[in-house]
Amino acid sequence: MQVRAGNHEGDGPWSDTRSAITDANAVTRSIAENSASGTNVGATVTAKSTNTTYTYTHALSGTDASKFEIGSTTGQITVKSGTSLDYETKTSYSVTVTVTAAAKTQGANAQSVDPNAPGDYIVPVTINVTDVNEPPAFAADTATRSIAENSAADTNVGAVVTATDPDGVAKFNTLTYSLTGTDASDFTIDSSTGQIKTKSALDYEDDTSYSVTVNVTDGKNASGTADTTADDTIAVTINVTDVNEPPAAPGAPTVAQNSTTPASKIDVSWTAPTMTGKPAIDDYDVQYRKSGDSTWTDASFTGTTTNTTLTGLTSGKSYEVQVRAVNDEGDGAWSASGSAITKAGERNPQHQ
């Protein structure tokens with residue numbers, strides 16, 4: 001750019017060629033997302049002149065000027081207070097820098113025009129926001145999940161425990177989950193989904209609550225370099241819910257003739273069912289009937305012993321006997337039938 005002065009006696013010579021702005025007419029600057037307020041947005045956008053008799057004032061306008069500020073004397077664009085630059089929301093901003101040259105006061109000899117900057121210079125500036133790896137995070141510090149006791153191994157423990165990653169590109173938002181904490185050895189976790197699963201069946205009577213920690217990482221640090229350090233954690237309480245667990249059915253009882261007279265008795269014995277993980281047996285029920293009858297008779301047995309003698313039966317007849325166990329969570333199923341024939345001889349229909 002060149003300038004020449006004129007008066008009533010003629011035009012003066014053209015000035016030397018000068019660049020009034022350090023950059024081209026339209027310039028580009030870059031800044032990393034999430035940069036703090038006051039951070040410089042690239043290099044300055046300012047006038048260049050060898051003429052020291054002029055000052056240069058910089059002002060900002062344009063579509064996105066409210067997001068930034070500029071040093072009036074330096075031309076340095078900075079992030080304005082309260083501005084959040086988020087690559088995932090907006091990747092580019094547009095502003096205009098206006099550079100105004102003004103003569104310094106130097107008495108009567110002060111020039112009225114800067115030969116190197118005769119007026120305002122308008123510079124469109126594109127500000128590009130560069131992507132930065134942002135760590136994933138859980139929505140809260142704690143969570144609770146529940147699962148019914150006796151659930152099989154590899155059963156899902158409630159809903160997935162997931163984190164949110166603000167990054168919008170696959171290179172930054174591939175998440176990996178892992179499990180640590182007091183009771184981590186009792187569970188597994190799907191590393192890609194955050195789904196906690198049982199490692200084996202849980203027993204409410206052994207433990208009603210477990211504590212684990214879910215960790216998440218996107219596999220990179222802020223600069224995008226590989227890093228498997230956990231980005232965030234969440235403490236998860238896993239509650240085991242109680243399920244009614246009545247006893248299993250005993251095996252078919254052993255039924256035998258009683259050797260005493262009158263011949264109206266049979267001896268019955270049975271084996272207690274396995275009660276691992278269940279409340280203890282607190283009673284047995286015993287019922288009997290003549291073979292071929294459709295109706296069972298309660299033997300009025302009470303207690304936790306595993307044998308009894310049925311009396312008052314008809315001699316020389318075959319009887320079927322069944323047993324079931326009872327605990328505080330319900331009645332078990334009846335056993336298969338055991339049977340025996342009372343001794344032939346005296347008839348005594350009265351059941352004592």
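Visitor: How do β15 and strand β16 pair, and over how many bridges?
Guide: They run antiparallel, with four bridges between β15 and β16 (residues 266-269). Strands here are DSSP runs of E, at least two residues, numbered from the N terminus. Two strands pair if DSSP finds at least two bridges between them. One caution: this is a predicted model, where local features need pLDDT of at least 70 and side-chain atom pairs count only at pLDDT 80 or more, while totals for chains, interfaces and linings use all residues. Residues are numbered from 1 along each chain as its sequence is written, and side-chain values use heavy atoms, leaving out hydrogens and water.

Visitor: What holds paired strands together in a sheet?
Guide: Backbone hydrogen bonds, in either a parallel or an antiparallel arrangement.

Visitor: What sits opposite V268 in β19?
Guide: T308 does. β16 and β19 run antiparallel, joined by four bridges.

Visitor: So what is the strand order in that sheet?
Guide: The order is β15-β16-β19, in an open sheet of three strands with antiparallel pairing. β15 (254-257) and β19 (307-310) are the edge strands, each pairing on one side only. From one strand to the next, the twist averages 20°. Such angles are taken between N-to-C directions, from 0 to 180 degrees, using axes fitted to C-alpha atoms.

Visitor: Which residues of β16 are on its covered face, and which on the uncovered one?
Guide: I266 and V268 are on the covered face. D267 and S269 are on the uncovered face.

Visitor: New topic. What is the order in the open sheet of four strands?
Guide: That one reads β9-β14-β13-β10, with mixed pairing. Its edge strands are β9 (142-148) and β10 (176-180). Here the twist averages 30° from one strand to the next.

Visitor: How many bridges link β13 and β14?
Guide: Eight, in the antiparallel sense, between β13 (residues 209-217) and β14 (residues 232-241). V214 has I234 as its bridge partner in β14.

Visitor: And the whole chain? How many helices and strands?
Guide: Zero helices and 22 strands. A helix would be a DSSP run of H or I, at least four residues.

Visitor: What share of the residues is buried?
Guide: 37% of the 352 residues. Buried means under 20% relative accessible area, with a 1.4 Å probe and protein chains only.

Methods: Buried < 20%, exposed > 50% of the residue type's maximum accessible area, 1.4 Å probe, protein only.
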